[in-house]
Amino acid sequence: MGEVEGVLQGHRDGHGFLIPDDGSPDVYLPPQEVHAVMHGDRLRVRVQRLDKRGRPEGKVLEILERKKRPIIGRLLLESGVWLVAPEDRRMGQDILVPKNGIANATAGQVVAVELTEPPTLYSQPVGRVVEVLGEIDDPGMEIEIAVRKYDVPHSFSAATLAQAAKLPDRLRAADLKQRVDLRDVPLVTIDGEDARDFDDAVYCEPYKQGRGKQAVEGWRLLVAIADVSHYVKPGDALDEDAYERATSVYFPRRVIPMLPEKLSNGLCSLNPGEDRLCMVCDMLVTKDGTVTAYQFYPAVMHSHARFTYNEVAAILGNTHGPEAAKRRTLVGHLVHLHEVFRALLAERQRRGAIDFETTETQIVCDDNGRIERIVPRTRNDAHRLIEEAMLAANVCAADFIATHKHASLYRVHEGPTPEKRAALQAYLRALGIGLGVSDDPHPREFQSLAQATKGRPDAAQIHTMLLRSMQQAIYTGTNSGHFGLAYPAYTHFTSPIRRYPDLLVHRVIKALLGEKRYLLDAHKMTAAKVEKRPGRPAPPDPAKARNEAERWEVVGAHCSANERRADEASRDVEAWLKCRFMRERLGEEFAGTVSSVASFGLFVQLSELYVEGLVHISELGGEYYHFDEVRQELRGERTGIRYAVGTKVRVQVSRVDLDGRKIDFRLVKEVDPGRAAAKQAVERAGRKKAGATRPARGDAAREPISAVEALDEVRRVDRAVKQQRKAAAEANPVRAAKQAAKRASKSAAKSAAGSDTRKASGKTADRAAAKAASRGAKRR
């Protein structure tokens, strides 16, 4: 119990959490404590008690700093009062706008509002409109909202644009000095159909080293990466804007680039038929997939072709087909690339790297930016070929830097925490899976689990739990290896157009090639935006980064935070588009699969549309459901019906909340044959209780029923049994009394089983009946 400082994380339900600067547990703030503050404010809080859930609960002592940035929302006119309802529900309260502060906006439009008066205990915040974004249904409005909602920089500074404008359109003679000329090497780019910038090109040829039996055969693999560091220098305006963004942000039909278009799609993009500057990782790969030697050097290249993944897959599938005929001079090089890919893939499997099979989706939009359809992304050998080549180059870059003992950024992915490992072990035991994970797990154990459970009906559920047990990958100056890929050292080298860490790695490699050392710009420390997020370790304090190692930690935390920000903004836009897409399908029914289970309901992904929504627990019927955290399932108390990840269900779209980015489903019926068998077992048990000797005609052919119908069936059977007993008692009172006493005696014996202090033979019918009534009350 003491005082802590931190940032307020608001909640849409009116309360909030203080995220302490020192990384201590978050402090819960009840609604009355957050009325005078807003999401993002820095506060000093006194911890007063622990609440019912064991969370520290605090009281606001002082507002240290107000978050100063425009708030995005809808301008509304209610009873003659203008107000803005924030798009970010964590803000907690509407903002009043005086009539002379609405600029030229009209009711219903999306605006950016700047606070003029902060909230107090007795009044709402007041602001004025500083930007009118447009109507909510305007094409691209969801992106305009997201970039402002998540504070994504979306416009370059005037100095950056001026510097980019001064860059030449083509290479100059001075740019080619001290570079290896690879323009005659048939390097090619392989990307998706919708790719606009090309940061990597590849080439492969067979090689043989030595003679006779001692000869070593393999391939020479060249990975050429755009040399962004030649144009973006430390301290320049271009560098400052690139560092602030740290990554490009990808939305459907639009990209917020890290670099201006003249660089990202021009000078730095390895466009076909153009001379371009590059950094090359030149590797020798043996037939068993081992990289035995590598070297880095600056070069100039000329892309000989721009391939798409589907085109390469078609050529590799039929080297004499029509696609191969169009690229006849390059087919042989593609075949060599495929050969080295298979060798690298075999080494990956021997290494024990994790390779889960997951389904990624792609949103296809129409001309107005609305979803036309959502399709699964199919990964072929061309995708994996480029992936393996890039992984090999990244590993060589990390090894090169580590060998020279130079500070840099690593891409670190650590194994599961002890808590997550224990939860995973309990989950696997609950499913009766013989394999498990050790106290110091290796990636090979996870891959073995994935392979062993591949054919199970609940394979998707198991693989999801394996993924959730691992930590999130981050950028850091401390090399801790990459758990998922099973590499002792790994970094990002292959995408400097869209990732700032890759640009830094290029600078470090260039410095080492020149026998120098690269020192981070200290002024970056003051510009670093490093925020503490719930459930994540405390970031370093930029003001306290006094040595080189701490500076790299600050930059790593900044890049990691901005990477998460970009992901959140992209997910927000996709969620908005999907809600708009499903709003036109209200009332329609779809087959789906349970993708996640929580204590409050089921998240279901539609099989045809790849859209996820919630089936609230109240929609599962009048049954009481227990949430099994170990098995990750909901189980009905009376019916025993279970819902776990992977369960097949049929749902109806019941509600779409565009502002909240939420889709609600209503359970219609189950389509899983296992559920039908469970339902029939319940019916058979009910008929047996009721005295039926044979099933009713057509029972076996009936369709599977929902949880609501199953519960109604159980209640109907219970009523039938009670009525039958009542009728028998009225017909023969003596016999009915004997049967009642006999049933009570049996019930008493069962309830006393396993108890050392009670004896079933000494119980009376009245005591047994009382216990049965007590158990019934508890179930209710």
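In the predicted model, an open sheet is built from 3 strands in the order E27-E28-E29, with antiparallel pairing. The edge positions are taken by strand E27 (625-628) and strand E29 (642-644); each has a single partner strand, so one side of each lacks a neighbour in the sheet. From one strand to the next, the twist averages 20°. Strands of a sheet pair through backbone hydrogen bonds, in either a parallel or an antiparallel manner.

The pairing of E27 with strand E28 (residues 633-636) is antiparallel and comprises 4 bridges. Within this pairing, Tyr-625 has Gly-636 of E28 as its bridge partner, while Asp-628 stands opposite Glu-633 of E28. The hairpin of E27 and E28 has 4 residues between the strands, and in this hairpin Gln-632 adopts a positive phi near 55°.

Val-604 belongs to strand E25 (residues 601-606). The relative accessibility of Val-604 is 0%, and this residue therefore counts as buried, the criterion being a relative accessible area under 20%. When residues up to four places away in sequence are not counted, Val-604 touches Gly-592, Thr-593, Val-594 and Ser-595, then Val-611, Glu-612, Gly-613 and Val-615, and also Val-649, Val-651 and Phe-665. The C-alpha atoms of Val-604 and Gly-646 are separated by 9.2 Å, with the two residues 42 residues apart along the chain.

Helix packing was examined for two pairs. Helix H9 (residues 418-430) packs against helix H11 (residues 459-468) at an angle of about 165°, and their axes are 10 Å apart. The crossing in which H9 passes H11 is left-handed. On the H9 side, the contact is made by Lys-420, Leu-424 and Tyr-427, and on the H11 side by Gln-461, Ile-462, Met-465, Leu-466 and Arg-468. Classified by residue type, the contact of H9 with H11 contains 5 nonpolar, 1 polar and 2 charged residues.

In the second pair, helix H2 (residues 158-166) and helix H3 (residues 237-245) pack at an angle of about 125°, with an axis separation of 8 Å. H2 and H3 are therefore oblique to each other. The crossing of H2 and H3 is left-handed. The residues that meet are Ala-159, Thr-160 and Gln-163 in H2 and Ala-237, Leu-238 and Asp-241 in H3. By class, 3 nonpolar, 2 polar and 1 charged residues make up the contact of H2 with H3.

Glu-445 lies in helix H10 (residues 443-452). With neighbours within four places in sequence left aside, Glu-445 is in contact with Gly-436, Val-437, Ser-438 and Asp-440. The C-alpha atoms of Glu-445 and Leu-435 are 8.5 Å apart, and these residues are 10 residues apart in sequence.

For the chain as a whole, 18 helices and 31 strands are assigned. Of the 780 residues in the chain, 48% are buried. Among contacts in the chain with a separation of 6 or more, 65% are accounted for by residues 24 or more positions apart.

Terms used. Residues numbered from 1 in each chain as written. Predicted model: local features only at pLDDT ≥ 70, side-chain atom pairs only at ≥ 80, totals over all residues. Heavy atoms only, no water. Axes fitted to C-alpha atoms, helices over the stretch in contact; angles between N-to-C directions. Left-handed = near helix turned anticlockwise from the far one by under 90°. Contact = heavy atoms within 4.5 Å. Nonpolar A, V, L, I, M, F, W, Y, C, P; charged D, E, K, R; others polar. Pairing = 2+ DSSP bridges. Buried < 20%, exposed > 50% of the residue type's maximum accessible area, 1.4 Å probe, protein only. Parallel < 35°, antiparallel > 145°, perpendicular 65-115°, else oblique.
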